[in-house]
Amino acid sequence: MYSWRPLRRSLKLLHEVLDMRTLYDYYKLFPHTDCGYCGNTSCLTMLRRYCLGNSDLNSCIYFKSGERQTPKISYSPPPLRLPPAENISYIRPCPSEPTKVTIEVNVLPKIHSPYGYFDMITADKIFDHQISNLKISPSLGIARIESEAGDVMIFSEGKVIIRRGADERRAFWEIGKAIRLLWATVNRKIRAESAQ
Amino acid sequence: MLDINNVRKDFPFLRSGRIYLDSTATSLTPEPVLRKVLEYYHEYRANVGRGIYNAAQAATFAYENARAEVAKLINAKPNEVIFVRNATEAINLIANGLKFQEGEKIVTTILEHHSNYIVWLRLKNAKKVGLSIVKSDKEGLLSPSDFISHIDRRTRLVAVTQTSNVLGVRPPVKDIVKLAHEEGSFVLVDGAQSVPHAKVDVKELDCDFLAFSGHKMCGPTGVGALYIKEDLQELVEPLCIGGGSIEDVGIEYYRLRSGPGKYEAGTPPIAEAIGMGAAAVYLMNVGMGNIEEHERKLTKRMLQGLANINGIVVYGPRDAEKRAGIVSFNLKGMNPHDVAVALDTASGVMVRSGHHCALPLHKHVLNAPNGTVRASVYLYNNNEDVDVFLETLEEISKTLA
Ligand SMILES: Cc1ncc(COP(=O)(O)O)c(C=O)c1O
Ligand code: SF4
């Protein structure tokens with residue numbers, strides 16, 4: 001049994017949180033090579049694990065060698081609302097539309113932790129209205145991607161919903177496409193910022 | 001006045017802090033009702049109308065007492081109330097029990113829930129019974145004069161809802177009954193959304209049949225009631241027959257009994273019916289007038305708040321006096337299901353999205369083929385529920401739409 005935190009209270013918390021530095025601010029200080037030397041699949045994984053106390057910044061070859069300055073990181077994540085549900089569920093929310101399936105997936109199963117969720121505040125900072133069909137609400141903890149094939153909604157606790165999804169394959173294809181789009185935007189933004 | 005804090009304490013579902021705004025779909029159940037259901041299982045778990053031992057008598061007494069309480073709620077006589085599964089079954093019972101003949105006519109409206117609509121379409125297709133649909137205006141409002149051209153000498157039944165489950169509008173049932181009776185037609189009132197929320201008096205309405213569900217009036221699921229005017233029970237045939245519904249059976253014949261028992265073949269939902277009786281008592285104790293007034297205040301607050309949020313389109317009349325505590329709306333640029341999921345995930349606000357089992361209304365009156373979002377209030381909702389709903393919706397409108 002978990003309790004719901006009405007928005008009013010969380011909005012107040014959020015205003016304190018919005019002023020803080022986000023994961024993205026620290027990510028910018030990383031090498032972005034995803035070389036894997038540190039034993040992580042990417043620099044972002046390394047950062048997340050560091051925040052969880054599970055890795056040492058000196059295991060990065062760039063930081064260790066001094067080629068890049070080791071960043072000072074003090075990061076506290078925004079508040080989390082709901083623990084994620086597990087598995088995939090197929091929901092038909094209205095009996096009058098039996099062919100329209102809404103697919104709900106939790107993409108962060110088991111690793112639920114203070115950092116194991118989508119940080120919409122960071123996302124908002126990164127994307128900042130750059131993608132026209134992407135809307136992010138840091139206050140609600142929800143991102144929404146509109147697409148012709150089916151809308152995708154992403155929730156901070158790891159739930160992803162694909163509406164109007166015709167079938168499972170199509171739904172995952174949509175998620176994959178959405179994630180690639182987002183990732184490309186992150187990298188483009190970092191490149192643009194470091195060129196300045 | 002309704003003491004909202006005391007009422008809220010009775011509903012265990014609310015303890016987690018969730019905000020339930022979907023009482024139109026089904027209502028929450030208060031402790032006194034749950035206790036009464038459990039009392040049956042704990043103390044006199046026996047079949048009804050059969051058995052001489054004490055527990056069987058206690059069960060029969062509780063079951064019949066529940067019937068009397070439900071009857072009191074709508075000002076009927078106990079033997080005019082038949083326990084069924086839900087409003088849908090009650091409507092089907094009338095559709096089959098009146099034994100319609102080719103050439104007869106049924107009149108219904110575009111506002112109806114599928115449960116009071118497709119049953120008539122089926123009769124039309126199977127038995128060549130005429131079907132006439134009364135159209136409302138854009139806000140869902142109907143006036144008695146809209147019915148005049150539809151009801152004629154051929155009309156055997158007018159089936160109309162007392163409160164629309166989408167728009168909350170309330171057709172003028174009393175006037176419709178008068179018109180129908182002048183032409184010799186019966187009237188079936190779908191009271192699924194009216195009986196739980198306002199004083200309904202079958203004597204005053206003078207309707208012939210009234211259908212409603214227990215689960216929408218703070219009772220358990222699996223039980224509903226059908227009111228059949230006493231002198232019409234001869235005419236209406238039961239949907240099912242069997243044990244419990246007979247007076248005498250021989251090798252080659254059977255004779256059905258009269259009264260509600262005629263329609264209650266087999267073992268009825270005993271615990272549920274007892275619970276529905278307890279729900280009727282609970283509602284009468286709070287006072288139907290108080291419930292209605294409380295809901296009107298909340299609805300007014302909701303309508304005012306919605307008017308101030310960008311991109312919100314409210315369906316039905318803007319005036320809270322013209323509707324029950326049911327408000328359907330859309331947020332421009334967002335599918336109703338997305339709005340509902342966002343409300344739930346962000347603030348634990350539960351609302352319904354989709355067509356609410358009223359496709360003809362969505363397609364032909366509201367012009368909302370993708371459906372609508374529907375928020376509805378009941379006696380246990382308070383101002384804070386409405387405010388959190390409105391604030392979250394405003395945030396959704398600002399950031400996601
Ligand atoms: C107006 C109306 N009629 C009939 C019904 C059917 O009720 P039930 O599903 O309990 O049979 C509903 C339920 O939503 C309703 O709102
Ligand atoms: S070693 Fe450094 S650069 Fe390579 S993946 Fe790890 S953090 Fe990134």
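This is a short talk on chain B of a predicted model and its contact with chain A.

Okay, housekeeping. Local features here need pLDDT of at least 70, side-chain atom pairs count only at pLDDT 80 or more, and totals for chains, interfaces and linings use all residues. Residues are numbered from 1 along each chain as its sequence is written, chains are lettered from A and ligands numbered from 1 in the order written, and side-chain values use heavy atoms, without hydrogens and water.

So, chain B: 13 helices and 15 strands, meaning DSSP runs, H or I of at least four residues for helices and E of at least two for strands, numbered from the N terminus. Its radius of gyration is 22 Å, close to the 21 Å the globule rule gives for 401 residues, so chain B is as compact as a globular protein of that length. That's over C-alpha atoms, and the rule is 2.2 Å times the number of residues to the power 0.38. The C-alpha box along the principal axes is roughly 75 × 55 × 30 Å.

How much of chain B is buried? 61% of the 401 residues, with buried meaning under 20% relative accessible area (1.4 Å probe, protein chains only).

Now the interface. 32 residues of chain B touch 32 of chain A, where contact is heavy atoms within 4.5 Å. Together the two chains bury about 2600 Å², 60% of it on carbon and sulfur atoms; that's accessible area (1.4 Å probe) lost on being put together, summed over both. Asp338(B), Thr345(B) and Leu400(B) supply 23% of what chain B buries against chain A, more than any other three residues.

Notes: Buried means under 20% relative accessible area, exposed over 50%, partly exposed in between (1.4 Å probe, protein chains only).
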